[in-house]
2 protein chains.
Amino acid sequence: MTVSFDTAADLAPRILAGERRALARAITLVESGRADHRAQATALLDRLGTEKKALRIGLSGTPGVGKSTFIESFGMMLVGLGLRVAVLAVDPSSARSGGSILGDKTRMERLSREPAAFIRPSPSQAQLGGVARRTREAVALCEAAGFDVVLIETVGVGQSETLVAEMTDLFILLMAPAGGDELQGVKRGIMEMADMILVNKADGDLKPAALRTVSDYAGALRLLRRRPQDPEGFPKAVPVSALAEEGLKLAWEDMQSLAAWRRDKGHFDRRRAEQARHWFETEVREGLLARLTQDPAIRARMQALGTAVAEGQAAPAAAAAEMLAELQR
Amino acid sequence: MTVSFDTAADLAPRILAGERRALARAITLVESGRADHRAQATALLDRLGTEKKALRIGLSGTPGVGKSTFIESFGMMLVGLGLRVAVLAVDPSSARSGGSILGDKTRMERLSREPAAFIRPSPSQAQLGGVARRTREAVALCEAAGFDVVLIETVGVGQSETLVAEMTDLFILLMAPAGGDELQGVKRGIMEMADMILVNKADGDLKPAALRTVSDYAGALRLLRRRPQDPEGFPKAVPVSALAEEGLKLAWEDMQSLAAWRRDKGHFDRRRAEQARHWFETEVREGLLARLTQDPAIRARMQALGTAVAEGQAAPAAAAAEMLAELQR
C-alpha cells in the first residue's frame with residue numbers, strides 16, 4: 001500500500017480557502033523526509049506566497065505552569081473575539097517519548113472542537129534543526145490558511161526557546177507563582193527574549209503569591225537593558241488565571257498594543273524580514289551540508305577519505321581539498 | 001614591494017631537517033588567508049606526511065596562574081633532558097589586543113634563546129575556526145620538524161579549551177592555590193577534559209595553600225566518572241612551582257607514564273585517528289560553506305535572493321532551493 005500525497009497544485013487553493021484538512025495534509029508534507037515530498041513542499045510554500053500575515057506568538061513555559069490550560073482558555077477567548085487560532089508545538093523532547101502526539105488534542109478538548117481553531121501536535125522528530133524547519137514551514141502554511149493568530153508552544157528545554165523566538169513576533173513566558181520571593185531560576189538569556197511574562201494561577205489560594213511573583217518579575221525586567229523594539233512599559237509582567245479565565249483579555253490587549261507599536265515604528269516588518277533572510281540562509285547552509293550525508297556516493301567517498309586520514313595515509317587538509325574538488329565537479 | 005612566499009617544494013626538506021626558520025615561514029604560510037598560499041600550505045602538509053610524532057600537550061590556565069613562567073621552566077627542563085620543544089599559543093582574544101604578538105618571546109626569555117626550542121606567538125586572527133585550523137596545521141609542521149614535545153597554550157577563554165583538547169594527546173590544567181577550601185569555579189566540562197591538574201606556586205608562603213588546593217582538586221577529580229583512557233590514579237592533581245622549578249620533573253614523569261599507558265592500550269593511536277578524521281570532516285564542511293562567502297558571484301546571488309526573501313517576493317525555502325540548484329551547476 002502506498003500513501004498518496006497531494007500535490008502542491010491540489011493543496012494550494014484549498015489551503016488559501018482556509019480548509020483545515022488541506023492544511024493538516026500540507027503540514028504532513030513539510031514534515032516528510034522524502035526528497036519528492038520536500039520538492040512538493042517547497043513548491044507549495046512558493047505557490048502560497050507570503051501575503052497573509054498572522055500574529056505569531058511564541059509561548060514558553062516549563063511543565064506544571066498550566067500551559068495547556070492557558071492555551072485552551074486563551075485560544076477560546078480569541079475564538080470568542082471572532083479570531084481564527086492555530087496552535088503548533090515545538091517539543092524536541094517528544095522524539096523520545098512520542099508523548100504529545102496523542103496528548104495535544106485531549107489536553108485542549110474545547111479548543112480542538114472549535115471550527116475556528118487548528119491544533120497540530122508536535123511530530124516525533126529527533127533533530128532540533130528538523131523541528132525548526134517543519135515549524136517555520138507549518139507557520140507559513142497556517143498564515144496562508146488565513147489564521148489570525150499562530151501560537152507556537154515550546155516546553156522550554158534547551159535551545160527551543162531561542163528557536164521559537166526567532167520565528168515569532170512576540171515571545172511570551174508563562175510562569176507559575178513562586179514560593180516566597182525567589183524567582184524561578186529563569187535563565188537571563190530567556191528573560192531577555194521575553195516580551196511579556198504571564199504569571200498563571202492568579203486565583204484562589206495562590207493569588208497573593210502570584211501577585212508577589214508578578215512584582216518580582218516586573219522588578220527583574222526593569223533591570224534589563226531597554227531594547228529598541230519596546231515601547232514604554234515593556235517587557236511587562238502581568239497576572240493571569242487560565243483556570244478562572246481572568247486576565248486573559250488584558251494580556252491580549254497588551255500583546256496587541258505592543259504589536260501595533262512595533263508595526264507603527266517599523267520594528268515588526270524589520271524583524272520579519274530578518275527572520276525570513278535568516279531562514280533562507282540557514283536552508284542554503286543546511287542544504288549544502290546535507291549533500292555530504294545524503295548522496296550515497298559522496299557519503300562513501302567521505303568515509304573512505306576519512307579512513308585514509310585516520311590511518312595516516314593522507315593529510316587531513318589535502319584529503320579535504322580533494323573532497324572539495326570532487327564536490328565541485 | 002611583494003613579499004615572496006616559499007613554495008612547498010622548497011620548504012618541505014628544510015622543515016624535515018628541523019630548520020626553525022623554515023618552520024616559522026611555513027607557519028606564516030598556513031596562517032595566510034590568500035588562496036594561493038592556502039594551496040601551497042595544503043601541498044606542503046601533504047608532502048611532509050604524518051610519520052613523525054611529537055607528544056602534543058594542551059595547557060590551559062587563566063591569567064595570573066603563572067602560565068608563562070611555567071612554560072619557561074617546564075620547557076627548559078625538557079630541553080635539559082635533551083628534548084626539542086615547540087610552544088604554540090591559541091588565544092582568540094589576541095585578535096583585539098594584538099597583545100601576545102610582542103609578548104610571547106619576552107615572557108619566555110630563556111626558552112626563546114634555546115636552539116632546541118621554538119616559540120610561536122599567536123597570530124591576530126579574529127575567528128576561532130581560523131585559529132583552530134592554523135593551530136592544527138602548525139602542530140603538524142612542528143611534528144614534521146622533529147620536535148619531541150609540542151605545547152599548545154590556551155588562555156582558557158570560551159571554547160578554546162575544547163578546541164585545544166581536540167588536537168592534543170594530553171590536556172593539562174594549570175591552577176593557582178585557592179584561598180580557603182573553595183575551588184576556583186572550574187567548569188565541570190573543563191575538569192572532565194583534564195588529564196592532570198597542576199597547582200602552581202607551591203613555594204614559600206603559598207605552599208600550604210597549594211597543597212590544600214591539590215587535595216581539593218584530587219577529591220573533585222575522584223568524583224568524576226572513570227574514563228576508559230585513564231589508568232589507575234588518573235586524572236591526577238599535583239603541586240608544582242614554576243618559580244622554584246620544583247615538581248616539574250615529577251609532573252613530566254606522570255605525563256610520560258600516562259602517554260605510555262595509552263600507547264600500550266591503543267587509546268593514543270585511536271584518539272589521534274579520531275582527531276584526524278574530525279579535522280578532515282571539519283575542513284570539508286567549512287570549505288563547502290566558505291563558497292557562500294568567498295566567491296563574489298555566489299555572495300552577490302545570496303545577497304540578492306536574501307533581499308527578495310526579506311521583502312516577501314520569494315518564499316525562503318524556494319529561494320534556498322534555487323540557490324542550491326545554482327550551486328550544483
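Author: Contact means that heavy atoms lie within 4.5 Å. Domain bounds come from an automatic or database domain assignment. For chain A the assignment gives domain 1 (1–49), domain 2 (52–264) and domain 3 (278–327). By this reading, 15 residues of domain 1 of chain A are in contact with 20 residues of domain 2 of chain A. This is a predicted model, in which local features need pLDDT of at least 70 and side-chain atom pairs count only at pLDDT 80 or more, whereas totals for chains, interfaces and linings use all residues. Residues are numbered from 1 along each chain as its sequence is written, chains are lettered from A and ligands numbered from 1 in the order in which they are written, and side-chain values use heavy atoms, with hydrogens and water left out.

Reader: How many salt bridges does the rule find across the interface of domain 1 and domain 2 of chain A?

Author: A salt bridge is a side-chain nitrogen of Lys or Arg within 4 Å of a carboxyl oxygen of Asp or Glu. The rule finds three across this interface of domain 1 and domain 2 of chain A. A salt bridge also joins the side chains of R134(A) and E31(A), at 3.0 Å from N to O.

Reader: Which helix gives the most to the side of domain 1 of chain A that touches domain 2 of chain A?

Author: Helices (H or I, at least four residues) and strands (E, at least two) are DSSP runs, numbered from the N terminus. On that side of domain 1, α1 (8–16), α2 (20–31) and α3 of chain A each supply at least two residues. The most comes from α2(A), with eight residues.

Reader: What area do chain A and chain B bury between them?

Author: Buried area is the accessible area (1.4 Å probe) that two parts lose on being put together, summed over both. Chain A and chain B bury about 3400 Å², 75% of it on carbon and sulfur atoms. Of the area that chain A buries against chain B, R277(A), F280(A) and L288(A) supply 20%, more than any other three residues. For domain 1 and domain 2 of chain A, the buried area is about 1500 Å², with 63% on carbon and sulfur atoms.

Reader: How many salt bridges cross the interface of chain A and chain B, and which element gives the most to the side of chain A?

Author: The rule finds zero salt bridges there. The elements giving two or more residues to this side are α3 (35–48), α13 (267–294), α14 (296–310) and α15 (316–328) of chain A. The most comes from α13(A), with 14 residues.
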